[in-house]
Amino acid sequence: MLDRGLLVVSGKGGVGKSAVSAALAILATRSGRRVLVVDMGGSGGLAAHLAVGELAFEPKEVRPDLHAMRMIRSDALLEYLTLQLSLRGLNRFGRVAKAFDALATAAPAVREIISIGKVLWEVREQRWDLVIADAPPTGQIGSYLRAPRSISELVPTGRIQRQAAWMGETLRDPAVTKLVLVNLAEELPTTETLQTLEWLDDNKLVPAPSIITNRVVPALTGKAEGAGPVAEAAAHHQAVYREQEEWLERLPPDMSLPYLFGLMTPPEVAARLADELEGQL
């Protein structure tokens, strides 16, 4: 997984995709890889798990070999107009930039291709050994993955069409791109993940994804006898374990991460998950 150039991490909201994104980034740096991780949703979860303040559009080194940034669509649009379309001398508050920003807000697929295009441009520039996108949730990720195809259909010729074409080719290339879907062994996340897998199979926009199921409780050893809080906690644990086993059977993961008991800060969670992933990868 970490031998690709791009990892796109998605999942239903609340499953821990930002924690997994941070853990994958930390793990990749342990092998000496130079990594950029991108917060595409702007929730702040990635920054918290990396123990930094608010991220900016400009990549910031948050630890040796690990840089992080936050997607800001207006800045990404300005960069695209300057670098890709060679419109020099623009600033984000100028009339031309504002007009393009209004277009990006209203036109189908334009907003999405600006965001995913920035991620793919970072891959293409080869400044990093690995780019990890903490992507929008599964309910939205399809529009981002389909954006290059949508733009190619809207603009059949010219520079924009050619750029959309290489974006689509990069996303489909199994040697470059890997989609990671983070799941929980519960009904709603598993159902949404299965629906996403079906949509991905129908559209063939990216190679087959990997599934990481997060917060899996272990089986209890021994048996709590009698009554009281300990016995009640043990009974609850066993009930959760049995229910999770049913959903794990319904959607077997490629990797599973344990439920982390106790009080932990977001950076501690990311570090522990990196340790767990290292053992499985």
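**Charges, burial and backbone in a predicted model**

Let me start with arginine 30, which forms a salt bridge with glutamate 278, the closest N and O atoms being 2.8 Å apart; a salt bridge here is a side-chain nitrogen of Lys or Arg within 4 Å of a carboxyl oxygen of Asp or Glu. This pair links distant parts of the chain, since arginine 30 belongs to helix H1 and glutamate 278 to helix H10 (residues 266-280), 248 residues apart; helices (H or I, at least four residues) and strands (E, at least two) are DSSP runs, numbered from the N terminus. Arginine 30 counts as partly exposed at 38% relative accessibility, and glutamate 278 counts as partly exposed at 43%, where buried means under 20% relative accessible area, exposed over 50%, and partly exposed in between (1.4 Å probe, protein chains only). Arg30, Asp275 and Glu278 are linked in a network of salt bridges.

Before I go on, please keep in mind that this is a predicted model, in which local features need pLDDT of at least 70 and side-chain atom pairs count only at pLDDT 80 or more, while totals for chains, interfaces and linings use all residues. Residues are numbered from 1 along each chain as its sequence is written, and side-chain values use heavy atoms, with hydrogens and water left out.

A search of the whole structure finds 11 salt bridges. One of them joins lysine 12 and glutamate 192 at 3.5 Å, N to O, and links distant parts of the chain, with lysine 12 in the loop between strand E1 (6-11) and helix H1 (17-30), and glutamate 192 in helix H8, 180 residues apart. Another is formed by aspartate 134 and lysine 17, whose closest N and O atoms are 2.9 Å apart, and this pair connects strand E5 with helix H1 across 117 residues. Aspartate 134 is buried, with a relative accessible area of 0%, and lysine 17 also counts as buried, at 14%.

What does aspartate 39 do without a salt bridge? Aspartate 39, found in strand E2 (residues 35-39), is buried, and the nearest side chain of opposite charge, arginine 70, is 5.8 Å away. Its side chain does, however, reach the backbone nitrogen of glycine 41 at 3.1 Å.

Strand E5 (residues 130-134) also holds alanine 133, which is buried at 0% relative accessible area. The C-alpha atoms of alanine 133 and methionine 40 are separated by 6.7 Å, although the two residues are 93 apart along the chain.

Turning to the backbone, most residues other than glycine have a negative phi. Alanine 51, however, has a positive phi of about 60°; alanine 51 sits in the loop between helix H2 (45-49) and strand E3 (60-63) and counts as exposed at 55% relative accessibility. Lysine 204 likewise has a positive phi, of about 55°, and is found in the loop between helix H8 (187-203) and strand E7 (210-216).

Finally, the surface. Glu186, Glu187, Glu243, Glu245, Glu246 and Glu249 form a negative patch; patches are made of residues with over 30% relative accessible area and no salt bridge, like charges being joined within 9 Å and nonpolar side chains (Val, Leu, Ile, Met, Phe, Trp, Tyr) within 5 Å. Helix H9 (residues 229-250) gives the most to this patch, with 4 residues. Glutamate 246 is found in helix H9 and is exposed, with a relative accessible area of 55%.

Methods. Areas by Shrake-Rupley, 256 points an atom, 1.4 Å probe, with all protein chains shown as cover. Lys, Arg positive; Asp, Glu negative; His and termini not counted. Charge placed at Lys NZ, Arg CZ, Asp CG, Glu CD. Polar contact = N/O pair within 3.5 Å; in protein donor to acceptor, adjacent residues only side chain to side chain.
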